[in-house]
Amino acid sequence: MGGFYAAVVVRGFRRYATYRTATAAGVFTNTVFGLIISYSYIALWDQRPHLGGYSEAQALSYVWISQALLMTMALMGGGGEAELVERIRSGDIAVDLYRPADLQTWWLAADLGRAAFHLLGRGVVPLTAGALLFDLALPAAPLTWLLFLASVALGAVVSFAVRFLLALSAFWLLDGTGVSQMAMLSGLFFSGMLLPLTVFPGFLGEVARALPWAAMLQVPADILLGRHRGSGAALALAFQAGWAVLLLAAGRALQAVATRRVVVQGG
Amino acid sequence: MWVRSTLAYRVSFLLTTVGNLAATGLDFITILLMFSHITVLGGFTLPEVAFLYGTCSTSFGLADLVMGSMDRLGQRVRDGTLDTLLLRPVPVLAQVAADRFALRRLGRIIQGLGVLGWSLARVDVHWTVGSVALLPLMLLSGAALFSAVFVAGGAFQFVAGDAAEVQNSVTYGGATMLQYPPAVFARDLVRGVTFVVPLAFVNWLPALHILGEPDPLGLPGWLDFASPAVALVCCALAGLAWRAGLRSYRSTGS
């Protein structure tokens, strides 16, 4: 059965790999945005050195890591959830439920394939461009990069789990527009895409750092920047894994309730 | 038709407009969060940055309302549905613009005007007849400039069907850039948005005049009033690009 879902992962990867011009265009856009945000951060860190505990080089690295992870974590949408919502709305979901594969695991596998493609296709080049244009604080130790990859993988699962939950709401709402908009808003703001969560003041910062969106960008970025080391890194990964398990379980429970609601027309 | 169809679902329309308002407002919340740590950014105070933000957001919102559907063109070229538009006795540009005309985009304009109003109440400016007249002029010229970029981006999609994202880097990227004072950016980047894609005429140059701030490029003062002329030239160029693009269109399958 594991081999079956691995095949779904590979298909998910290949499916997105077909859009080469779109990927190149996306890389260009990520790089332009990285450039613009970098300058605003330089101005900010000039005024307040070590804001949020970052040096200027670390803050700039944060910008390019966030551009590299934007599509992997589907922080502005663009994951497979729109398709899932559409299948729920149109009733095609009945066909999916009839298959000898688990709905959540199937979509998780497809989404991990998508995430892996975007990490390579839209992550590597902008990060390299950023490293060429600015003085970044990227680590040399291979272990840190491995920890980062593990953290990205966990973040991708959390990101999927959140979007799966939101997509299932279509069983009740039938219209995904409002929900996907909310997902985009919270994804952008609470992941630390606009500004690192360590810069958020006071109570807002504490809440933001505890929410699942922190697992998608803030935690992987901090691991790569070497802010979590040793037991701290283990704790950070555990934070991500905790949210992943909790949200996947919630998705599973909601899926059980939702599938009981399905009424197949004419069947 | 699209207006009526969106207004048919009143609650949904209200929710998406509010959502749009919140989504576009996140940028300003980021700026507010930044100013919770500092008092001056690139030589500008918060009300001054809010002035840049408000003017840029309003202009962009107006252009987005009219021309924001342009990024859908690539998809129409790919799946061949553009042919339907060619058969109708209405200019294709007008049809593409009206395609899925999204009234919810009013959210961005409302939000932009809100921030602009807040900044006008707080900003320390010596108003003259010239600068009062400059304000509505820059909003409209800015909208025309952004529209020209949208149309040029549309024309580009005739050539590169799935490259709609490149357009985003100029439209959304440009709009993000104009929210910050020009002194924040590297000189070459400022030159690029002044002379290559002349987005600096949307708000930077006229705003520097109104706010009485120095221009990092040291350009002659009359350029602050050149926005309408620049917008006119850009619209003409975008129009030409659009016609060239449309003429080069080959339907899929041929």
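Modeller: In this predicted model, helix H8 (residues 142-168) of chain A packs against helix H13 (residues 231-259) of chain A at an angle of about 25°, and their axes lie 9 Å apart. H8(A) and H13(A) are therefore roughly parallel to each other, since an angle under 35 degrees counts as such. They cross in a left-handed sense. Sorted by class, the residues in the contact of H8(A) with H13(A) are 20 nonpolar, five polar and no charged.

In chain B, take helix H8 (residues 129-159) and helix H9 (residues 164-178): these pack at about 165°, with 8 Å between their axes. That angle makes H8(B) roughly antiparallel to H9(B), the limit being over 145 degrees. The crossing of H8(B) past H9(B) is right-handed. On the H8(B) side the contact is formed by Phe146(B), Val149(B), Phe150(B), Gly153(B), Gly154(B), Phe156(B) and Gln157(B); H9(B) contributes Ala164(B), Val166(B), Gln167(B), Val170(B), Thr171(B), Ala175(B) and Leu178(B). Nine residues of this contact between H8(B) and H9(B) are nonpolar, five are polar and none is charged.

H9(B) also packs against a helix of the other chain. Helix H2 (residues 20-47) of chain A meets H9(B) at an angle of about 10°, with the axes 8 Å apart. H2(A) is therefore roughly parallel to H9(B), and the crossing of these two helices is right-handed. From H2(A), the residues in contact are Ala25(A), Gly26(A), Phe28(A), Thr29(A), Val32(A), Phe33(A) and Ile36(A). Their partners on H9(B) are Glu165(B), Val166(B), Asn168(B), Ser169(B), Tyr172(B), Gly173(B), Thr176(B) and Met177(B). The contact of H2(A) with H9(B) holds eight nonpolar, six polar and one charged residues. Val166(B) is listed in the contact with H8(B) and in the contact with H2(A).

Glu165(B), part of the contact with H2(A), also forms a salt bridge with the side chain of Arg122(A), at 2.8 Å from N to O. Across the interface of chain B and chain A, one salt bridge is found.

As for the interface as a whole, the contact involves 33 residues of chain B and 32 residues of chain A. About 2700 Å² is buried between chain B and chain A, and carbon and sulfur atoms account for 74% of that area.

Conventions: Residues are numbered from 1 along each chain as its sequence is written. Chains are lettered from A and ligands numbered from 1 in the order in which they are written. This is a predicted model: local features need pLDDT of at least 70, side-chain atom pairs count only at pLDDT 80 or more; totals for chains, interfaces and linings use all residues. Side-chain values use heavy atoms; hydrogens and water are left out. Axes are lines fitted to C-alpha atoms, for helices over the stretch in contact, and angles run from 0 to 180 degrees between N-to-C directions. Helices (H or I, at least four residues) and strands (E, at least two) are DSSP runs, numbered from the N terminus. Angles under 35 degrees count as roughly parallel, over 145 as roughly antiparallel, 65 to 115 as roughly perpendicular and the rest as oblique. A crossing is left-handed if the near helix is turned anticlockwise from the far one by less than a right angle, and right-handed if clockwise. Contact means heavy atoms within 4.5 Å. Ala, Val, Leu, Ile, Met, Phe, Trp, Tyr, Cys and Pro count as nonpolar, Asp, Glu, Lys and Arg as charged, and the others, Gly among them, as polar. Buried area is the accessible area (1.4 Å probe) that two parts lose on being put together, summed over both. A salt bridge is a side-chain nitrogen of Lys or Arg within 4 Å of a carboxyl oxygen of Asp or Glu.
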